[in-house]
Structures are given as C-alpha cells and as structure tokens.
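Subject: Structure handover, aromatic contacts

Hello,

Here is the structure I promised to pass on. My notes on its aromatic side chains follow below it.

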Amino acid sequence: MIAMNFRGPYRIRVDRNKPEPEILHPQDAIVRVTRSCICGSDLHLYHGLVPDTRIGSTFGHEFTGIVEEVGSEVTKLKVGDHVLVPFNIACGACPLCKQEMYGNCAESNSMATAVAGIFGYSHTAGGFDGGQAEYVRVPYADISPIKIPDGMDIEDAVLLTDVTPTGYQAAEMGGIQKGDTVVVYGAGPIGLMAARCAWLFGAGRVIVIDHLEYRLEFARKFSFAEAYNFKEMDDPVVFVKRTTDWWGADVVIDAVGCDASGSAFQTVLGKKLLLQAGSATALHWAVNSVKRGGILSIIGVYGPPWNLFSIGSAMNKGITIRTNQASVKRLLPRLIDHIMTGRLSPKDIITHRMPLEEVSEGYHMFSAKRDNIIKAVLIPPKANVA
Amino acid sequence: MANTLNPVTDTNTAANSITDVPHTHNNKLAADDTMLADQYKHIPGWGMDADDHDPAYPMRHYNGADHQRINYEKPPQQPVTVEILHSIERPTVSRVTSDRLPPKGLSGAIRRAAFKYSEANAMHWMGLILADRVNMVEGVIDDLRRGHIPNIIEERGWKAEWKYNRKGVIKEALIGAAIITAAIAFSSSKNKKKKALKAMRAMKAKVTS
Ligand SMILES: NC(=O)c1ccc[n+]([C@@H]2O[C@H](COP(=O)([O-])OP(=O)(O)OC[C@H]3O[C@@H](n4cnc5c(N)ncnc54)[C@H](O)[C@@H]3O)[C@@H](O)[C@H]2O)c1
Ligand SMILES: [Zn+2]
Ligand SMILES: [Zn+2]
C-alpha cells in the first residue's frame, strides 16, 4: 500500500509497497483510509522533537475510513461502515477509560505511562502506524471509532478525530465563566478552534495572539476574536496586562506547544541543543499573562523530559493549571450536535487538499507555513467514497 | 458602570496599533446573563455550554473507578511476537501493542539501555533521542544497501518550496554558493583568512544588492 515513511528530521518519503496491516488482536479492525490530516502535533515529530520516533514510522492520527475487516470480538463496527477514528487508542475497560480519560488509557501504550496509545505518534505513544496511508490497523475498534453521522461532511468528520474536540477541551479546561476574558496563544487549527469554542462557554472577550498575519486575519473571522501579532509587541505579557486593566486574563490557553517561536534563547536551548523539549516560549508567556487566581489551560504538546517556564510565578500567582491530551470520544456527542446544527463548522479551516502521494510537500508547506496554509487534508488514491 | 464588553468589532481595526488597545472593564458580576447573551447574538451558540463545567475535565468525571484499579476486567492480551520495550513504570506490556519497528541494530541497543531508566530520568529520554539520530544514519545505510539513494529534494518537500517561495530559494542558493566559494578560497590559499574574508564580503555585497 501507499504510506508515508519517516526518514529523519525534515525527511519524509512515500512508500508504494508497504505491507498492508493485519488483525493482531480480536478487538482490532482494519480501516481503508478516506481522509487524513497533517496536524501541528505531527510537526513536533517531523522536527525530531519527540523521543523514540523510529525511522520507517508512518504518522497520522487524524483520519476517517471504511471498515474492511474486523476481529472476532468486534460487535459494533461492521465491514463497510464509514467511520471517524479518534486519535486516542482506548480500551474502554480500565479505570481511566471508565472516567472518560480516553487520552490516558492504561492498556494501549507499553512504552510510556505518561500517555495513552496514539496512532502514528512515535513509539513513546505506543508505536502504532498512523493514517497517512491507505490502510490502518485500529485496535479496540468498538470503543472509540464511530460511524460518521448521516449527512455529516467527511471534512467535518475528519476534524472530529482531533482538532474540534481538542480546541473545545482547551476552552473547557479553562473553566470559563460568563464574561471572562480569554487569551489564546497560537492561531493554528487548535488555537482557532479553542478561541471559537471559548464563546460557547460564555467568554466575554477572546484574544488570539500569533505572529502570522494570515492566521490572525482568519482568527478574526472564524473565531470572532480580536487578534494581535506578537512581533509588533515589545512584550506580549505587558500587552495582555495592559488590555485587561493591568489585571491579566481570566483564562489563558496555550495552543502553541514546543515549536514556539518568539525567543531566541528558548529556541536555541530547546530546538537546536535539545537541552529542553522544544521551546516553551508561549507557555512562559501564558503563565505570566493569566490573572492572579486565574486558569491556564495547556493544550499545546511538549515532549519529555522538561521545559523552561516560570512555575514559581504560577505558585505565587495562585493559578490553576489544567492540561491533558484531548479525550475525543467523550466529547463527540456534544460536538456532533454543534456541527449538525451549524453552530460549529470545522471544515472551514481546511485550506489545502492534496493527494497522499504529495505528503512530503504537505509537511514542508505546513512546517514552513507556505501558501497561507492552515489545515491540510490528504486524500489517498483509493479514497473513493460515495 | 459603563459596560464596554463589546470590543470584538471595535478593536479589530486597532490590531496594528498595538499600543492603542482599549481597556475593558470586564465586570462580569455586574453583567447580567441575558444582557451578555444579547451582546453576543452574532456568535452562534454563545454561552450554550457555560453551565455546570466546574470543576472542569478531568476532575468532573471522577467516579471512584480508580479504586478498582487492581480488579478491572482487562481486554485479552495480544500475543507478543516482537520485542516490545516497556516503561519500567508499569509491570508489563499493555493488552494491545504495536508490532511495528522493533528495536534493531545499534539504535536498538541504545533504546534497550534507555528503557532501563524510568520516564522521570533524563537518561531515558536523551538515550532515545540519541537512538533516533543513530537510527537515521542506519536508515541511510539501509537505503544504500538496497541500491536506493535517498532523494533529499523530494524528501524535504522542496518542490513546494520552489512553487511557493521561489525568491527565498534563490537567495539561499546564492548565500550557499557564497559560503562554498569562501570556503574554497579559504582552503586553497596560503593567505587564508584574508582571502576568504574578502570573498565572503564580495559575495555578501552581491547577494544583498
Ligand atoms: N493536547 C492535545 O490533545 C493536542 C491535540 C492536537 C494538537 N495539539 C497541540 O496543539 C498545538 C497546536 O497545534 P496546531 O495544529 O494548531 O499547530 P500549528 O503549528 O498549525 O499552530 C501553532 C501556531 O502557533 C504560532 N506560534 C508560534 N510561536 C508562538 C508564540 N510564541 N506565541 C503565539 N503563537 C505562536 C505559530 O505561528 C502557529 O500559527 C501543537 O503543540 C499540537 O501538538 C494538542
Ligand atoms: Zn492532531
Ligand atoms: Zn483504557
């Protein structure tokens, strides 16, 4: 089958004859991919920031597909079902799954206790092959995957596997109270969605901060947010203080993660010397931008083992930090409702649709932010959906 | 008190004059919900999910299941057919595992060593990063052995760079050429430093002009 193949930092190629996956566990399914996305999280892998990303891996944790084969214990999914597959691999039985913490399942990742299995996200997240391919093995097929609801656009469906629930959860973890001022660092797909969802929780003011003008422009329209360029600020923290009556934002969301720019010191230490897990510039700004007693929601991804940000200020200011992988399955019913009623339209953020065979270009464009890219969807040659 | 809670449209125009952003008096105690809702009529679903989400996820979903952590009914164990390194912070492998890319060669040996340390230990993660870099070299050797020369231009997606950032590519190529020329001048000259610097300067002038 055709599949993307990681060869090292910034190097990806297309395999044309990777063996197709097989059922290895009675609760597995094999899915023929119809759409898959490239995510900001994939960039951390692409840049070589996630430990145990083995050469030959196939990435891709956001995909939809048609069930081709099911294991003997799969009862809910049927061959031929068109499904969306949440990025968390979750058993549904462990105490964490029982508490709807599907992103923390205890039975899907041998390699690290810090995270559950994720499709195509390094051996640190279990070493499972991902969806930037024609076929994928989907473990615990009865738990997370669901049939795409009748009438739902396939592009909205594929954005339900990560971006929409992740953005929603970022806002949810902020514990937003009606009228709150919410600052979102990062205007990528996740930040845009988080800013949009902040209103659902009753935010009074939503401010997005990034340095890419085209994304800021997008945030003003898609997320109904104020949007500002940190390159034009002396200090983003002072900017936030000033615009909140010298108080700080009630809620700050870090939707940037470890590929943050904005501080040469952080970049050299984290992205060149690898002495910390990427650069923590946005996280550091976020801690300092939130009000005393406020809430910081971290949805951006940081690799192990550590990062440089001011935990001391977090203590002195008495802020609450909430953070997790998105628990996708948990949020699907609510978000399907928001999409089907038109309150949310995730597919609006898709700017690029390209054949799976052009995956190397897709990664480069998304990494270098060329052609005003926001979200790219890959279409495999055998995607033919009715 | 004046409620200035509607900067959404007002401040968009101020986006470029960063010093001139209006201050909001975000007095949510004074603002009554219906008034707020009225203010955000243009945002579909404003405030719909506001109720009952504090404490937020994941605390809100706590149900005591944790206390059954020894006795829960586990899924069947997938047969382990390849070497799976598991974190020493858990007793054994998870019920499902991936059989993809088991540890191999020198990188594999480094990974095995790294997995002797816990996830709290830098030896674990730094070891894995080192293994990743070694693995990359192994990948190139493996390719060459199969008679495949990695096509770096294709792998790095530079076709897209040529399409969307042609100017940048040309500029970088010129700078690259300048550095190579300077390096040649440097190594082939007895009066090394002077000549190299001269060549560099000349090229820089060319590129920037
Ligand atoms: N927790 C989860 O479950 C989860 C799921 C998906 C993605 N993520 C993470 O969310 C983050 C964003 O993902 P994305 O797909 O939107 O990626 P993206 O790369 O498209 O967006 C990141 C944005 O941050 C901007 N940025 C860089 N430095 C900044 C700074 N210092 N301040 C403000 N903005 C800055 C970039 O210009 C870019 O627009 C990533 O770290 C990703 O791994 C987390
Ligand atoms: Zn993703
Ligand atoms: Zn579980």
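Which residues do ring pairs link into a cluster? The cluster is made up of Phe6(A), Tyr10(A), Tyr46(A), Phe59(A) and Tyr363(A). Please keep in mind that this is a predicted model.

Over all chains, the count of aromatic pairs comes to twelve. One of them joins Tyr46(A) to Tyr363(A), with 5.2 Å centre to centre and 40 degrees between the planes, so the pair is classed as tilted. These two residues come from distant parts of the chain, 317 residues apart. Tyr46(A) belongs to helix α1 (residues 40–46) of chain A, and Tyr363(A) belongs to helix α12 (residues 359–368) of chain A. Tyr46(A) counts as buried because its relative accessibility is 1%, and Tyr363(A) is buried as well, at a relative accessible area of 0%.

A further tilted pair is formed by Trp199(A) and Tyr40(B), at 5.3 Å centre to centre and with 40 degrees between the planes. This pair crosses between chains. On one side, Trp199(A) is in helix α5 (residues 189–200) of chain A; on the other, Tyr40(B) is in the loop between α2 (33–39) and α3 (105–114) of chain B. Both Trp199(A) and Tyr40(B) are buried.

There are also charged groups over rings. Arg330(A) has its charged end over the ring of Tyr57(B), 3.7 Å from the ring centre. Within chain A, the charged end of Lys369(A) sits over the ring of Phe366(A), 4.4 Å from its centre.

Regards

Note on methods. Residues numbered from 1 in each chain as written. Chains lettered and ligands numbered in written order. Predicted model: local features only at pLDDT ≥ 70, side-chain atom pairs only at ≥ 80, totals over all residues. Heavy atoms only, no water. Phe/Tyr/Trp six-rings, centres within 6.5 Å; stacked < 30°, edge-to-face > 60°. Helix = DSSP H or I, 4+ residues; strand = E, 2+ residues; numbered from the N terminus. Buried < 20%, exposed > 50% of the residue type's maximum accessible area, 1.4 Å probe, protein only. Lys NZ or Arg CZ within 6 Å of the ring centre and 35° of its normal.
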